[in-house]
Amino acid sequence: MSIDKDTARRVAHLARIEVAEEALEPLAASLSKILDFMEELNEVDIDGVEPMTSVTPMELKRRVDEVTDGNIQDKILANAPDAREGFFAVPKVVE
Amino acid sequence: MDLSKLTIADARDALRAGDYTATELTQAYVDAVEGSDALNAYSTKTPEKALEMAAAADKRLAAGDAPDMCGIPLGIKDLFCTEGVQTQAASHILDGFKPQYESTVTTNLWNAGAVMLGKLNMDEFAMGSSNETSYYGPAISPWRRGNDDTALTPGGSSGGSAAAVSADLCLAATGTDTGGSIRQPAAFTGIVGVKPTYGRVSRWGIVAFASSLDQAGPMTKTVRDSAIMLKTMCSHDPKDSTSADIPVPDFEAALTGDIRGKKIGIPKEYRMDGMPAEIEALWHEGAEKLKAAGAEIVDISLPHTKYALPAYYVIAPAEASSNLSRYDGVKYGHRAKLKPGEGITEMYERTRAEGFGPEVQRRVMIGAYVLSAGFYDAYYLRAQKVRTLIRQDFEKVFADGIDQILTPATPSAAFGIGEMADADPIKMYLNDVFTVTVNLAGLPGVSVPAGVDHQGLPLGLQLIGQPWGEADMLNTAYALEQASSFTAKPVKWW
Amino acid sequence: MTELAYTEPKPKVIAGAKRDWELVIGMEVHAQIASNSKLFSGASTHFGAEPNSNVSLVDAAMPGMLPVVNEFCVEQAVRTGLGLKAQINLMSRFDRKNYFYPDLPQGYQISQLYHPIVGEGEILVDMEPGIARKVRVERIHIEQDAGKSVHDMDPEMSFVDLNRTGIALMEIVSRPDIRGPEEAAEYVRKLRQILRYLGTCDGNMQEGSLRADVNVSVCEPGAYERFRETGDFSHLGTRCEIKNMNSMRFIQQAIDYEARRQIAIIEDGSTVDQETRLYDPNKGETRSMRSKEEAHDYRYFPCPDLLPLTIEQAWVDEIKAGLPELPDEKKARFVTSYGMTEYDAGVLTAEVASANYFEQVAKGRDGKVAANWVINELFGRLNKEGVSVKDSPISADQLGGIIDLIAKGDISGKIAKDLFEIVWTEGGDPAEIVDARGMKQVTDMGAIEAAVDAVIAANPDKVAAVQEKPSMAGWFVGQVMKETGGKANPKAVNEMIQKKLGIV
């Protein structure tokens, strides 16, 4: 499995990481190498094998429907790069 | 007070006996940390907080209400969120992040009276095996190859933790282990590192790398210290849906050293091509020592071992790519500056390009790729099926009566900083070859120092336990430790 | 009998320039689960709080935070599934849907793609008495809501409020069984009604508790039937998804516009692009939503922070045993037990509160009379005043009292309406009011005879005229009623007048 430059560009965008045009070829090469390494998995006979869904066989615990949290606007916004009037501020989003 | 010989067990007894105070002990470590910048083990030092905590510990000691960890000075891996104390996972993207909360593990430690000396360096987001991906620059091992002053890696990702413990910059440290990040650096620096059964230790408040693999554990000088510290770290946490609601045993009480009749498995698939003879010999000697202590050595097979590493490098990046999506410049940490006319997408892409280092970027992109439309079945789903097979391998040998499995901890001793820089990423990934199986199967594992190589560098052996079998596993580790009588220490050069 | 007989409505046909076209519509309704706290955190779901105040560290996706599922939300999804006669899956899973958006702080939404908690069910969409369509429900899954971006507070910045982030939603996905704009609106209305009966969602569309994504395509007549026979989607046209509709009226308008837009494209020789669109009610148009278009690759995978959700059959059975009577059954019962029309039964069962009110009024009384009073007098008045049945100034017992007075012959229908007015504005016990204010009908024949005699004596000219034109008798009745202050029994007055005047 080899990743070409266009795929590298698409993956970088999917992951929202800016990659300069000239860095795309080397990126494609390095990603391809890693994917080649994973090709080994194709040797394994996985017929009828269930994918692992929980590491330890436990039941999912469920919590009671009570309000136990919130009202900590100061803590929520404490580390924000840009917070205004109780909101997180981000560059304009066009819908 | 000779810090180089001090253990948690010693300090606990001395503090209770009043031989010295927690404040005196803490001050000694604060001073040691102060002079340790050459090792770059600490990313954040908190001496004032340490002394405050020590004073509080002294009150508890005086009142006779002192749990085992009371007054014990610790270093905390930068992956643990610590309230009001900078926590960056050694990443630029979390620039200046000060959590408004405390992780469950550190809360448990502080509730027991332990003292925080500061935050420890690591690979960025715990992705790496040499500490070289840290935004803070690599932590340096206190160990050297004889008189050669080449800077060596303490391993990774918990490299700062390993360096700090082995250089006596703390009595013990917390680490986290996703593919070997506690056991490999422990082996590289001649200390003990425990990766507990998945679900034994709460993940709440620990910056997530790969949620189904991450588990925190202690890094200490001795098996006994690990037993003491692990007990305090463990708890059932209702805030973590994967935390097990089962009792925490007294691990220290299990350390009898009596392993007569225990069956120790030696998996043939771990005898890799090109494995250094020294490692092979160490492994063999380890088995002989356990045999001499009364254990039965059994050859076993874990047939899917060779697929563990590729499966891991599908699953871990996939989970990481999703877990790291939250670092987007909106809520905390770094946000890139924009040029006029640029918008939200540029903000995301530049923030993450500037904020994440190359290895993290690579894994996030690989993770996005293996989950993307058309590739999910071929990579992610297949890897999770292989993971099932890997777990079944272990289940079979345990069902056959094997108590623990003995393997090398790493394929080599510590290497030099920069020595792997030109190698392709896969070569670095091979560091995890003996350790990832344990994470994939959710099992407990411990790395025990077992000898030194021809250059005088420490080597470790790994014991893999049954699920929830930490107590029994640590007892075997204890027997191995006794038999190995590893006493080597790095010579102070920093 | 729990189901009324019905026939299917005809699909909506739109005449294009070249031929007729039919519509095929599927709906994805997002219903906010009526819980106190969020799906995976203990923060409140209360609407209208200060920005970022109903937010926990988990909702804000602080590093190291983990989700813990709210049991009540799981129960409500099961309840809803049972209410839609659906398959309940004892094992389901949460998956992550990955995408970047400022109101999605985790960078993923926890949802259920691969193993939803509820499988196939159905909703009977009533169009008019005797005409309804059974729309198949494909699945219901539980997921997190996103936050809210405010775009109009600053020219350069958008402002993000995470109060809604992480609130539990049920996504109820229908099959493409809906065949027209009116049916689509009725589908939402019926679903909303069922959810409100079950109490699993308050159905408040203004506050966004119920929002619909509508998938619209057009096809030639006959193509849909081929699709239903074969299950092959290629018989259908390319669909567009209109996002986030929260009004029945807009849903209809948007579908109508969208269908005509697609028809125009096809008849023009072009092809419809599969895309996400937004309805602009001011312009009455749908437009492409480009921001949602790029990179539709959500990279779903099982959320590793959560284990599979396993529930017990016994728990499902317990929830099932606690289900209320649902609208279809209630309506059928009203028709059969009270002998009312399906239309009236539909009006009375629209809301649980109305149905309960009616049943209390009808208890021990004539069902049809009770229905008549509840629908015409009470609902008419409530609608006019904009008051809900729950806040009705006249209780069911009071209205029942009024009906009892008519039945006993104590008051006439006309007086009853006056009495209704008094009870509405002043309250009080209807029987006591009638007594105290002397509103009782005069049934004393002597008194009526005296009044009739007096009117006849005073109007000899009219007496002469009525012999010519017997229909003038009504004038005499009116005069007598006036004389007696409206309290005389009109029937008795009429008979007396006919007897005295000798007209038959």
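These notes walk through a predicted model, chain by chain and contact by contact.

1. **Chain B, overall form.** Chain B holds 15 helices and eleven strands. Its C-alpha trace spans about 70 × 55 × 50 Å along the principal axes.

2. **Chain B, interior.** Of the 494 residues in chain B, 66% are buried. Among contacts in chain B with a separation of 6 or more, 78% are between residues 24 or more positions apart.

3. **Where chain A meets chain B.** On this interface, 36 residues of chain A are in contact with 55 residues of chain B. Three elements of chain A each give at least two residues to the side that touches chain B: helix 1 (5–14), helix 2 (24–38) and strand 3 (87–91). Helix 2 of chain A supplies the largest share, six residues. By residue type, the side of chain A that touches chain B has 25 nonpolar, three polar and eight charged residues.

4. **A loop residue in chain A.** P57(A) sits in the loop between helix 2 and strand 1 (62–63) of chain A. Is P57(A) buried or exposed? P57(A) has 11 other C-beta atoms within 10 Å. A residue with 12 or fewer counts as exposed, so P57(A) is exposed. E39(A) is 18 residues from P57(A) along the chain, and their C-alpha atoms are separated by 29 Å.

5. Four strands make an open sheet, in the order 2(A)-3(A)-10(C)-9(C), with antiparallel pairing. Strand 2 (83–84) of chain A and strand 9 (148–150) of chain C stand at the edges. Each has a single partner strand, so one side of each has no neighbour in the sheet.

6. Strand 9 and strand 10 (residues 157–161) of chain C run antiparallel and are joined by three bridges. V150(C) stands opposite F159(C) in strand 10 of chain C.

7. **Domains of chain C.** Chain C is divided into domain 1 (22–225 + 301–320), domain 2 (323–436) and domain 3 (445–501). The C-alpha centres of domain 1 and domain 2 of chain C are 36 Å apart.

8. **Domain 1 against domain 2.** Twelve residues of domain 1 of chain C are in contact with twelve residues of domain 2 of chain C. Helix 1 (71–83), strand 7 (121–128) and helix 2 (181–198) of chain C each supply at least two residues of the domain 1 side. Which of these elements gives the most? Helix 2 of chain C does, with four residues. The domain 1 side divides into five nonpolar, three polar and four charged residues.

9. **Helix 1 of chain C.** At 1.5 Å a residue, the 13 residues of helix 1 of chain C should span 18 Å; the end C-alpha atoms are 18 Å apart, so the value agrees. Twelve of its 13 residues are buried, so helix 1 of chain C is largely enclosed by the rest of the structure. The buried residues include F72(C), E75(C), R79(C) and G83(C). Just after helix 1 of chain C, K85(C) takes a positive phi of about 55°.

Methods
Residues numbered from 1 in each chain as written. Chains lettered and ligands numbered in written order. Predicted model: local features only at pLDDT ≥ 70, side-chain atom pairs only at ≥ 80, totals over all residues. Contact = placed C-beta atoms within 7 Å. Nonpolar A, V, L, I, M, F, W, Y, C, P; charged D, E, K, R; others polar. Domains from an automatic or database assignment. Buried ≥ 20, exposed ≤ 12 C-beta atoms within 10 Å, placed from the backbone. Expected span 1.5 Å × (residues − 1). Pairing = 2+ DSSP bridges.
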